[in-house]
Structure formats: C-alpha cells, structure tokens
Amino acid sequence: MISLLIVDDISSTRENLQKLLSFEDDIEVVGTAADGREGLEAAHRLQPDIVLTDVNMPLMDGIQLTETLASELPTSPVIIMSVQGERDYLRRAMQAGAREFLIKPFSHDELVAAIRRVYQLEQKKGTFIAKSMPVQPAAPVAPRSSPPAEIILVFSGKGGVGKTLIATNLAVALADQSGGRVALVDLDLQFGDIGVMLNLDHSRSITELVDGTGGLDADSVAEVLASGPGGVKVLLAPISPELADLVTAEHIRLLMAELRRSFDYVIVDSSTHLTEFNLEVIEIAQRVLVVTALTIPAIKDAKLTLKVLESLSVDPETTLLVVNRVDGYADFNRESIEQSLRVPVAVQIPHDPKTVGDAITRGAPFVTMHPDSEVSRAMRELVARITPEQVAAGTPEPSADRKKRKGIFGR
Ligand SMILES: Nc1ncnc2c1ncn2[C@@H]1O[C@H](COP(=O)(O)OP(=O)(O)OP(=O)(O)O)[C@@H](O)[C@H]1O
Ligand SMILES: [Mg+2]
C-alpha cells in the first residue's frame, strides 16, 4: 500500500485528487494539507511514502516544501504538480529534489503511473527501509540518499571549436578525479560525434528511448547507455540525422531528470545553435561551459552566447569560459579575450594536433592516452574548476593565475 499526502491550497483540487485515487487498491491518501507549512507538519506526523504537492501555495510554497522534506524527511519523496508554462518552477523543483513532475491538467492514468513509478524507484533505492526501523526520538535526521547530479552543458555559438572533444575528455577526467558516476549525453542529435570519438558500439542510442517502444524510466535509460572509457556511461545520438526528429523537448526534460537521479555528473555535448533542446538543458544545467577558440568569429559568437545566457537569466557564476586551441599565433590572448567578453577565462586548452589527432584516430580520450600532455593537464584544471573540493584535496595543482582569480569567478 502506498501512503500519500496531498498538499494543495485549493480544496476542490484536494477533493478531486482524493476521489481519483480512491479507485486504486494500492494507493491510500493518508492526509491532506492546504499549504506548505501544514504539509510539512502533516508529513512529519504521517510519514507518508509520497508527498504530492502543488507549487503555488501560501505560507510555504511547494518548492520550499520539497527542499525542506529532502533534508528533514528523505523517506517521503515528493511529486510536484504545476501548470504548463511554469518552466522556471520545473527547474527549481528539480534542484530542490522533486522526484517527478505532473503538468496540470493531467489524467488519472498519468497521476497513478507517476505515484507508482516514484514508489517503485524509491523502494529499489531502499528509501523506505529507514522508515520501518525503530525511531530514536533524539536521533539526527537521516541524510538525503544522494543529491541529484550536476548537469554540465558544453556549448558554443560556433561549430568545430572542440565541444565534443572537451565533453568526452572532461567526462573521463571527471570520473577519474571525482570517483563519481558520470553520464555523457550526445545532444548533437543530427551529427553527434561522441560515438566515433570514443569508438563505441552504436547499436543503442537515444532513439530507442523515444521511438515509442520503450519508456524513459530508469531501467530503459540504463539499458541504452553505452559503456565508455573510465566507467563513463554514454547516451549516443541517433545513428542517422533524420531520426533526430523523433526526439522532443519533453523527452530531453524527462531524460535529464532520470539521469540526474542515477549519476553524480551529467555532461551534455551540444550542437551549435540555440535549439529547443539546448535551451531546455540551459534551463536546468548547474554549469554551462562556453567553448571558444582564438579567432575573431569564434570570439564574436562567444560574446553573443554569453549575452543570450544572460538574457535567459543564467547565473554568470555558473558559466565557465573555456578557450580551446590556444597557441602563440592568434590575434587574441587571455587578457584581450577577457577584455572583449568581460568574463574571466576559466581554462585555456592548448592547440595540440599531435596528441588530439592521435587520440581521435584511436577512438580514445587523450586524457587516458596521453595523461602527461598539456591538453590533459588543462582538462584536469577544468575538472578542478567544476569540483573545487578536489583542489582542496590536493589534485591537481592549481595554477598561480587561477589562485589569483579565485573569488572573482571561482566557486
Ligand atoms: N585543443 C585542440 N588541439 C588540436 N586540435 C583540436 C583541439 N580541439 C579540437 N581540435 C580539432 O578540432 C576538431 C573539432 O573538434 P570537435 O569535434 O570537438 O568540435 P565541436 O565543437 O564538437 O564541433 P561541432 O560543432 O561540429 O560539433 C577535432 O576533431 C580536432 O581535430
Ligand atoms: Mg561536436
């Protein structure tokens, strides 16, 4: 029996939901509450298996409730209900730790399926086991199982600047340095190159998740992930460009939510251009790496990209500017780029055709093929920017320049 608490400030909605769910043998509504604060109190008292909450409510909204429950009562996972168009809520709800989202109006089937899905997933994760243990009144609250993954989008306004090369090597270096679970997603849906760059078997790809034969649940997603180097799990782009048409922004949203639950980091390689898919990921990403090269068109496009990110209200603190193919012959240097873009350069990756070319030809990341190269060192520096705690632990050695910049751009 799945015990459920309904939190919604509109009494007719609460009643309708209760009525809808009364037909289900395996779901029992154990309580209702009219706002977040009441919901929090009821959740502590009733310890429901699932909390189903609205977003917009007086006193404490659904996002705050989700956040509080995630830390105070992790044995009661949350499903959020919101009205179509509240995309910002969606992003915030995910960050707060909601397990599932229902866009109003939703059908009875969708509601029941979401409740069962969350319950089954949490049951697998052992979430409810803690509840059946004897409660120690003064015991500290159990910590949240694991925080949702950090989504890192690798983006550029100019093609061919090295997004795919950086995304693949970053994923492998990040898995190695952080010891965390890393997923790599090829969102260049028409002409994705990750498969060839990592020499992966292309028999499974995102197509299998969206062609109507499977679902986007944890098991289906896990099944189509290819095993890349260093334990990185890779979601490949469709094998042929026309298959990209099957993918919708909704697929991407659900997919990202699913990956966030199973991994510590999700690296997303993107296509150039502001496609709806890239926008979807920009909205939910915790980091955006803006890749540029030292050419006038690339710098111009990086400037436009940064402007677009600003207009999308992306926190500049979460954006990292990565300059690729740095050599001594370009018209720009670090200072002139920073002056032109008004953003500090996070990491410079040298132009090294020999190392890079060799790795690509062999279908392997250069960070494992040539770990002592300067390009690999730069990738490790990029990892350190993303996981500052690794720097604190002593790997790798931060450059003097980065030390100087810490505080302005670093987190
Ligand atoms: N640091 C580097 N040193 C030498 N060559 C590089 C470097 N970075 C990228 N390249 C070269 O540039 C090519 C393009 O890189 P990559 O495919 O990663 O770019 P991209 O931004 O993903 O391109 P697209 O926009 O087509 O997806 C690589 O195949 C490689 O040959
Ligand atoms: Mg690419």
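How many helices and how many strands are there in the protein? In this predicted model, the protein holds 19 helices and 13 strands. Of its 411 residues, 55% are buried, and the accessible surface comes to about 18400 Å², with carbon and sulfur atoms accounting for 53% of that area. Among contacts with a separation of 6 or more, 74% are between residues 24 or more positions apart.

## The eight-stranded sheet

Eight strands form an open sheet with mixed pairing, in the order E8-E9-E7-E10-E6-E11-E12-E13. Strand E8 (226-227) and strand E13 (345-350) stand at the edges, and because each has a single partner strand, one side of each is left without a neighbour in the sheet. Within the sheet, strand E7 (residues 182-186) and strand E10 (residues 265-269) run parallel and are joined by five bridges; in one of these pairings, Val182 has Tyr265 of E10 as its bridge partner. Strands of a sheet pair through backbone hydrogen bonds, in either a parallel or an antiparallel manner.

Two helices that pack on this sheet may be described together. Helix H12 (residues 276-284) touches strand E6 (150-155) and E10, and its direction makes about 135° with that of E6. Helix H17 (residues 374-386) touches E6, E10, strand E11 (287-293), strand E12 (319-326) and E13, and the direction of H17 makes about 160° with that of E13.

Strand E3 (residues 50-54) is joined to E4 by four bridges, and the two run parallel, with Leu52 standing opposite Ile79 in E4. Five of the six residues of strand E4 (residues 78-83) are buried, so this strand is largely enclosed by the rest of the structure.

The loop between E3 and H3 contains Leu59, which has a positive phi of about 65° although it is not a glycine. Leu59 counts as exposed because its relative accessibility is 59%, the cut-off for that class being over 50%. At the start of H3, a side-chain oxygen of Asp61 reaches to within 3.1 Å of the backbone nitrogen of Ile63. The buried residues of helix H3 (residues 62-72) are Gly62, Ile63, Leu65, Thr66, Thr68, Leu69 and Ala70.

Most residues other than glycine have a negative phi, and most peptide bonds are trans. Against that background, the peptide bond from Lys104 to Pro105 is cis, with omega near -5°, and Pro105 is placed in the loop between strand E5 (100-104) and helix H5 (108-125).

A positive phi, near 90°, is also found in His273, again a residue other than glycine, and His273 lies in the loop between E10 and H12. With a relative accessible area of 59%, His273 is exposed. Thr272 lies in that loop between E10 and H12 as well, but Thr272 counts as buried because its relative accessibility is 15%, under the 20% cut-off. The side chain of Thr272 makes a polar contact of 3.0 Å with the side chain of Lys163. Leaving aside residues up to four places away in sequence, Thr272 touches Ser156, Gly157, Lys158, Gly159, Lys163 and Asn278.

| Residue | Protein atom | Ligand 1 atom | Distance |
|---|---|---|---|
| Thr164 | side-chain N or O | oxygen | 2.8 Å |
| Asn324 | polar side-chain atom | nitrogen | 2.8 Å |
| Asp352 | backbone N or O | nitrogen | 3.0 Å |

Taken alone, ligand 1 exposes 630 Å², and the protein buries 79% of that area.

Methods:
Residues numbered from 1 in each chain as written. Chains lettered and ligands numbered in written order. Predicted model: local features only at pLDDT ≥ 70, side-chain atom pairs only at ≥ 80, totals over all residues. Heavy atoms only, no water. Pairing = 2+ DSSP bridges. Contact = heavy atoms within 4.5 Å. Axes fitted to C-alpha atoms, helices over the stretch in contact; angles between N-to-C directions. Buried < 20%, exposed > 50% of the residue type's maximum accessible area, 1.4 Å probe, protein only. Polar contact = N/O pair within 3.5 Å; in protein donor to acceptor, adjacent residues only side chain to side chain. Areas by Shrake-Rupley, 256 points an atom, 1.4 Å probe, with all protein chains shown as cover.
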